[in-house]
Amino acid sequence: MPTIKSDVVPIATEEVFRKYWQPGCAVLHLRWVPLFQTGLPLQQEDISSVIEELVLLKQWLSCRMETGVPQAVVLRIDHLIQALQKVQGDAQVAVYVG
């Protein structure tokens with residue numbers, strides 16, 4: 001029987017997602033990241049696209065830290081990027097974001 005391991009990477013509360021992530025998603029016309037709010041399983045072939053969107057969102061939010069975006073919001077996105085990079089290309093890993 002295969003070993004099942006579950007890693008949880010906290011990314012955003014509903015309020016933080018609405019207040020910081022959603023405006024960035026709208027401005028940047030992101031496709032994948034807005035779906036995080038309701039949750040979705042990711043296929044391995046989609047992880048690189050998700051990482052690209054997260055990098056864009058992180059950069060956008062980083063440029064707004066002086067206007068009130070908490071550094072913790074940017075750091076959480078960075079942690080998610082790193083976690084996705086670790087499992088990218090591993091067919092044994094199932095990824096769910098939500």
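Close-up 1. Lys 58 is partly exposed, with a relative accessible area of 24%, where buried means under 20%, exposed over 50% and partly exposed in between (1.4 Å probe, protein chains only). This is a predicted model, in which local features need pLDDT of at least 70 and side-chain atom pairs count only at pLDDT 80 or more, while totals for chains, interfaces and linings use all residues. Residues are numbered from 1 along each chain as its sequence is written, and side-chain values use heavy atoms, with hydrogens and water left out. Lys 58 forms a salt bridge with Asp 78, and the closest N and O atoms are 2.8 Å apart; the term stands for a side-chain nitrogen of Lys or Arg within 4 Å of a carboxyl oxygen of Asp or Glu. The pair joins distant parts of the chain, since Lys 58 lies in helix α2 (residues 44-62) and Asp 78 in helix α3, 20 residues apart; helices (H or I, at least four residues) and strands (E, at least two) are DSSP runs, numbered from the N terminus. A search of the whole structure finds one salt bridge.

**Close-up 2. The packing of α1 and α3.** Helix α1 (residues 14-28) and helix α3 (residues 71-87) pack at an angle of about 90°, with their axes 11 Å apart. Axes are lines fitted to C-alpha atoms, for helices over the stretch in contact, and angles run from 0 to 180 degrees between N-to-C directions. The two helices α1 and α3 are therefore roughly perpendicular to each other, a term for angles of 65 to 115 degrees, whereas those under 35 count as roughly parallel, those over 145 as roughly antiparallel and the rest as oblique. Val 16, Tyr 20 and Trp 21 in α1 meet Val 73, Ile 77 and Leu 80 in α3, contact meaning heavy atoms within 4.5 Å.

**Close-up 3. Aromatic rings around Trp 21.** A search of the whole structure finds two aromatic pairs. Trp 21 and Phe 36 form a tilted pair, 6.4 Å centre to centre with 55° between the planes; rings of Phe, Tyr and Trp (its six-membered ring) pair if their centres lie within 6.5 Å, and planes under 30 degrees apart count as stacked, over 60 as edge-to-face and the rest as tilted. Trp 21 is buried, with a relative accessible area of 0%, and Phe 36 is buried, with a relative accessible area of 3%. Ring pairs link Phe 17, Trp 21 and Phe 36 into a cluster.
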